[in-house]
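Let's take a walk through a protein model together.

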Amino acid sequence: MDRIRIRGGRALKGEIPISGAKNAALPLMIVSLLTEETLVLDNVPQLADVMLLQRILGNHGVDVTVAGKRAGEGENSGQTLQLSAKNIVDTTAPYHLVSKMRASFWVIGPLVARMGEARVSMPGGCSIGTRPVDLHLDALKALGAAIDIEEGYVLARAKQGLRGARIHFQKTSVGATHTALLTAALARGESVIENAAQEPEIGDVAACLQKMGAKIEGAGTSTIRVQGVERLHAARHAVLPDRIETGTYAMATAMTGGDVMLLGARTELLEAPLQLLASAGVEITKTNEGIRIKRDGAGLAPVEVSTAPFPGFPTDLQAQLMALMTRARGTSKITETIFENRFMHVQELARLGARIHLDGETATIEGVEKLKGAPVMATDLRASVSLVIAALAAEGETIVHRVYHLDRGFERLEQKLARCGAAIERVAG
Ligand code: EPU
């Protein structure tokens with residue numbers, strides 16, 4: 001298993017290109033199941049999760065090709081995928097694939113909408129919490145699908161087709177909103193999705209669906225209206241920039257006392273995190289090229305924040321913020337309200353010398369003067385990158401084990417950081 005070796009203490013200086021968003025690219029790839037025609041996606045990041053989803057879609061019969069670079073595209077341009085679901089040959093998504101990546105459960109809506117049936121493995125738990133799928137099933141039932149659970153699989157059937165409905169979510173869920181939106185796009189009549197997630201990735205998926213002929217209003221707000229259409233057609237869409245990657249490198253820059261331009265980053269995708277960083281003393285400048293970040297983490301004021309659905313502070317930046325606050329001047333409090341077990345990084349940050357006390361959903365972080373390198377273990381995607389952030393400012397050497405977690409969601413991480421002066425390298429095997 002690969003490891004990452006980091007020698008801390010160097011300020012990040014330079015430019016970091018921001019990739020396409022993982023959490024938009026995945027549902028956008030799943031959208032391809034809704035049409036017989038070809039969907040072309042630009043700016044798709046090269047990630048392990050994207051490759052895994054290519055395999056999963058391939059299993060259903062989707063023909064996925066990676067297009068070569070076009071004139072003017074450099075190494076910073078994302079890849080272009082052509083996805084063609086002309087013939088869906090299999091409506092089963094098996095356990096051995098779905099259990100590797102939760103988002104693959106989301107194929108259920110498009111499969112039942114297009115084929116009248118789907119058999120998708122329950123995703124099971126994962127290291128950040130229990131993560132049930134009840135809200136997805138509520139949406140499918142409201143749209144007229146019959147749902148049964150057999151031998152760990154969800155069977156969804158709608159042989160007579162689906163019909164538009166009012167879907168009122170008891171709790172806001174990104175994934176269940178995707179399921180409702182993708183399924184309602186092909187259901188007969190009007191659907192109204194209430195208490196919908198407002199994450200920018202939902203808006204990106206809706207924008208792509210609209211290019212394919214879907215009729216959608218209100219995506220990005222808490223009420224989405226969909227007029228079902230009989231069929232969707234070919235389209236080309238570019239994945240929006242990754243706001244979590246943006247926030248991660250903003251915090252890494254601040255942690256090391258650096259000065260970095262985050263190329264292609266868009267402030268409107270992460271106003272809450274940027275405001276919080278500004279209140280802690282990080283200098284943030286919006287320019288035509290992206291967002292410029294400057295300031296030393298050791299001189300930052302502590303913060304108090306709770307994670308919340310968009311437009312609140314994202315759970316996917318909670319671990320990174322905690323790493324940054326380990327060196328703030330004072331005591332910070334971070335409360336995790338989305339996933340009950342998303343604190344796996346706490347004990348690993350403690351190995352680097354962080355002082356963090358956990359009480360239920362709230363972590364209290366007492367800023368320390370310095371961190372010291374140590375061997376640490378990556379446990380999930382965002383937890384792993386928080387260890388990288390801490391290691392960049394720690395004295396001496398840190399080895400991060402199990403870096404396959406990082407490869408799921410950060411494109412060319414070592415390269416992007418090394419180009420800004422970090423002493424970071426991957427050690428194979
Ligand atoms: N929930 C239910 N029932 C459901 C679905 C969700 O109770 O049927 C609960 C979850 O257990 C959780 C809350 O609702 O407590 C919110 O979960 P949500 O469904 O919004 O999460 P998700 O769609 O499974 C996506 C992202 C996550 C991100 C969350 C929250 C993708 C591929 N995944 O997951 O990203 O943390 O939204 O913003 O978009 C990551 O990228 O590292 C990651 C985990």
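This is a predicted model: local features need pLDDT of at least 70, side-chain atom pairs count only at pLDDT 80 or more; totals for chains, interfaces and linings use all residues.

Find the ligand first. There are 24 residues around it, and the ones that come nearest are D134, S173, V174, D316 and I338. What kinds of residues make up this shell? Sorted by class, you get 10 nonpolar, 6 polar and 8 charged residues.

Now zoom in on the ligand's oxygen atoms. A polar backbone atom of I338 sits 2.6 Å from a ligand oxygen, and a polar backbone atom of L135 is 2.8 Å from a ligand oxygen. How much of the ligand does the protein bury? On its own the ligand would expose 830 Å², and the protein buries 90% of that.

α1 (22-31), α5 (134-142), α6 (174-184) and α12 (381-393) each supply at least two residues. The top contributor is α5, which gives 3 residues.

Let's stay with α6 for a moment. Is this helix mostly buried or exposed? Of its 11 residues, 10 are buried, so α6 is largely enclosed by the rest of the structure. Among the buried ones are G175, H178, L181 and A184. Here's a handy bit of background: an α-helix has 3.6 residues a turn, so residues three or four places apart point the same way. At the start of α6, look for S173: one of its side-chain oxygens comes within 3.4 Å of the backbone nitrogen of G175.

Most residues other than glycine have a negative phi, and most peptide bonds are trans. Where does this model do something else? The peptide bond from F310 to P311 is cis, with omega near 10 degrees. You'll find P311 in the loop between β18 (304-306) and α10 (318-325).

Then there's E151, which isn't a glycine but has a positive phi of about 50 degrees. E151 lies in the loop between β8 (146-150) and β9 (153-157), and it counts as exposed because its relative accessibility is 75%, with over 50% being the cut-off. R412 isn't a glycine either, yet its phi is positive, at about 45 degrees. Look for R412 in the loop between α13 (404-407) and α14 (413-418). R412 is partly exposed, at 24% relative accessible area.

Terms used:
Residues are numbered from 1 along each chain as its sequence is written. Side-chain values use heavy atoms; hydrogens and water are left out. A residue is near a molecule or strand if one of its heavy atoms lies within 4 Å of it. A polar contact is a pair of N or O atoms within 3.5 Å; within protein, one must be able to donate a hydrogen and the other to accept it, and residues adjacent in sequence count only if both atoms are side-chain atoms. Accessible areas come from the Shrake-Rupley method with a 1.4 Å probe; for residues, only the protein chains shown count as cover. Helices (H or I, at least four residues) and strands (E, at least two) are DSSP runs, numbered from the N terminus. Ala, Val, Leu, Ile, Met, Phe, Trp, Tyr, Cys and Pro count as nonpolar, Asp, Glu, Lys and Arg as charged, and the others, Gly among them, as polar. Buried means under 20% relative accessible area, exposed over 50%, partly exposed in between (1.4 Å probe, protein chains only).
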